[in-house]
Amino acid sequence: MSDKQKTLICGDVNGKFNALFSRVESVVKKSGPFDVLLCVGNFFSDDNSQLDAYKMGTRKVPVTTYVFGPSDSNHVKYYCEEGAEIVPNVIYMGKRGIFTTSSDVKIAYLTGLSRRELGKDIPMCTFEPSDCSAVRDACFRGQSEYRGVDVLITTLWPAGIEQDECQKMDVEKDRLSDLIAWLAIHIKPRYHFVPSLDKYYERQPYRNQSIHQDYRECVTRFIALAPVGNKVKEKWIYACSLQPISKMRMTDLLQATTDETQCPYDPELMKQHQPGKVVKFSGNGQYFFNMDAADDDQGKRKRKTFDNPERKRKEFDPDTCWFCLSSPNVEKHLVICVGSHCYLALPKGPLTPYHVLILPIAHHQSVSKAPDEVVNEIKKFKEALKEFYASMDKLVVFFERNFRTTHMQIQCVPVPRVCESQILEVFQDEAGINSIQMEVLPPFADIAQVVLPGAPYFHAELPTGDQIFAKTKQHFPLQFGRDVLSSPPILNCEDKADWRQCLISREEEDAHVAAFRKKFRPYDFTVGEDSDSD
């Protein structure tokens, strides 16, 4: 039995499902069964009527097919949940990740357009620098000696790949990405597939760079596939047999080819631990991050930042709030204990079973606008939680995102003691990736003295006593705090970075609340006060 995976790869399908699957059927008849079909470009079009026959079962998809994230906002509505079937035997994988097939072939992917390089955000169709580092980290995880991945799939072409002395390749500049070049040079794919707008292109293999001058790396074959069923009959489907990189002999993996070239990417990318430059300035105790700041505002003309606290806002109805304790929308089974002005609750999709929220009972948008009695009770909760987590040999990170939220939430996340010295550095790295200008505040600084009331911000208190602060702008990542704390150096649970991806059942929530309330009782200063938590 062969240990190789027979793989088919195609370019933009653009709704031509009959042409695609008919061709796959003929390839299977001629060459025998294939294990997977990878669709590397746009799968849908404005007219997807050909898919109806596959939904109803009158036509069948001959090979298990994997579809990746969209790059056209008009097509987003046609995609299903990640990991689900669009039609039988066609699976949507999402825009980024790595998966291992039953044959142990590792396939990494990052699809869509680069928000930073494009200069604008297209929901569901753009990716961030942090997505690049997340894919890289996923490839490296659990690898004591990293060899590379078998396949990389991207929508954009890596900048530098077009520099080919042997053949001319005209590719539009907006299809080239430095971020994809950074990803490719770090994860070292054996095959890198991208969609082409019109022509088929197969570059000579290039030898990957190594951080060690005398160490040899594998070669990469870069292939751009034309659209399915194109009128000029450019090649749009590619077949190969892949032996998993994990099962290859090192001599075979590193074997030279007669036509190989040097790596076409900027060697400086190899030295960047994260995709982007991090500039630190600590002369006055502050850290600033700048990713060549010309595009800090996504390449658009600077607009006024409406930090004016006097501007009119819509009247807010507390009865519609998810967090005002008097609101009918509050999920009271999540409440752990209630004080005079604040309460403690379990969040939806917690990072750990002991991840909790401090929230004001009445409606207050942020700490910077809260009255003294609320701020003072928040401090009491923080001190109690520090003692509680210390009894479990844990430290705690507190953070607040006053951006696209109407009710203050102080996230309280316990972390292992061993990562104490790394937390600030990971926050700095993530800030650099996302072009966030971050400031380290002086000890005992008061956030209300740093920011204008009503102005959006991100603020965190670290176990070292450091406080970090950033003014949030239009594209500030909503999961920034969770992205940092879920990263491998801290909690190592990146699948929980988005709370929506780690929701637990009502029964599990009840169990978490009961367990927390029982263990926290010796530290709970609200015991004996009137409370809704019992």
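User: Which residues touch the most other members in the largest nonpolar core?

Analyst: Trp157, Ile187 and Tyr265 do. That core has 36 residues. Keep in mind that the model is predicted.

User: Which elements give two or more residues to this core?

Analyst: There are strands and helices on the list. The strands are β7 (106-110), β10 (149-154) and β16 (219-225). The helices are α4 (129-140) and α5 (178-187).

User: And which one gives the most?

Analyst: α5, with eight residues.

User: What is Tyr265 in contact with, sequence neighbours within four places aside?

Analyst: Pro158, Ala159, Gly160 and Ile161 are in contact with Tyr265.

User: What polar contact does the His192 side chain make?

Analyst: The side chain of His192 pairs with that of Thr154, at 2.9 Å.

User: What else does His192 touch, beyond four places in sequence?

Analyst: Leu152, Pro158, Ile180 and Ala184 are among the residues it touches. Thr220, Arg221, Phe222 and Ile223 are also on the list, as is Tyr265.

User: Which residue is the bridge partner of Leu152 in β13?

Analyst: His192 is that partner. β10 and β13 run parallel, joined by four bridges.

User: What about β7 and β10? How many bridges join them, and do they run parallel or antiparallel?

Analyst: Four bridges, and they run parallel. Ala108 stands opposite Leu152 of β10 there.

User: How many residues of β10 are buried?

Analyst: Six of its six, so β10 is mostly covered.

User: New topic. Where is Thr251, and is it buried or exposed?

Analyst: Thr251 sits in helix α6, residues 250-253. Thr251 counts as exposed because its relative accessibility is 57%, and the cut-off for exposed is over 50%.

User: How far apart are Thr251 and Cys218?

Analyst: They are 10.0 Å apart in space, C-alpha to C-alpha. In sequence, Thr251 and Cys218 are 33 residues apart.

Technical notes. Residues numbered from 1 in each chain as written. Predicted model: local features only at pLDDT ≥ 70, side-chain atom pairs only at ≥ 80, totals over all residues. Heavy atoms only, no water. Core = buried A, V, L, I, M, F, W, Y, C linked by side-chain atoms within 4.5 Å. Buried < 20%, exposed > 50% of the residue type's maximum accessible area, 1.4 Å probe, protein only. Contact = heavy atoms within 4.5 Å. Polar contact = N/O pair within 3.5 Å; in protein donor to acceptor, adjacent residues only side chain to side chain. Pairing = 2+ DSSP bridges.
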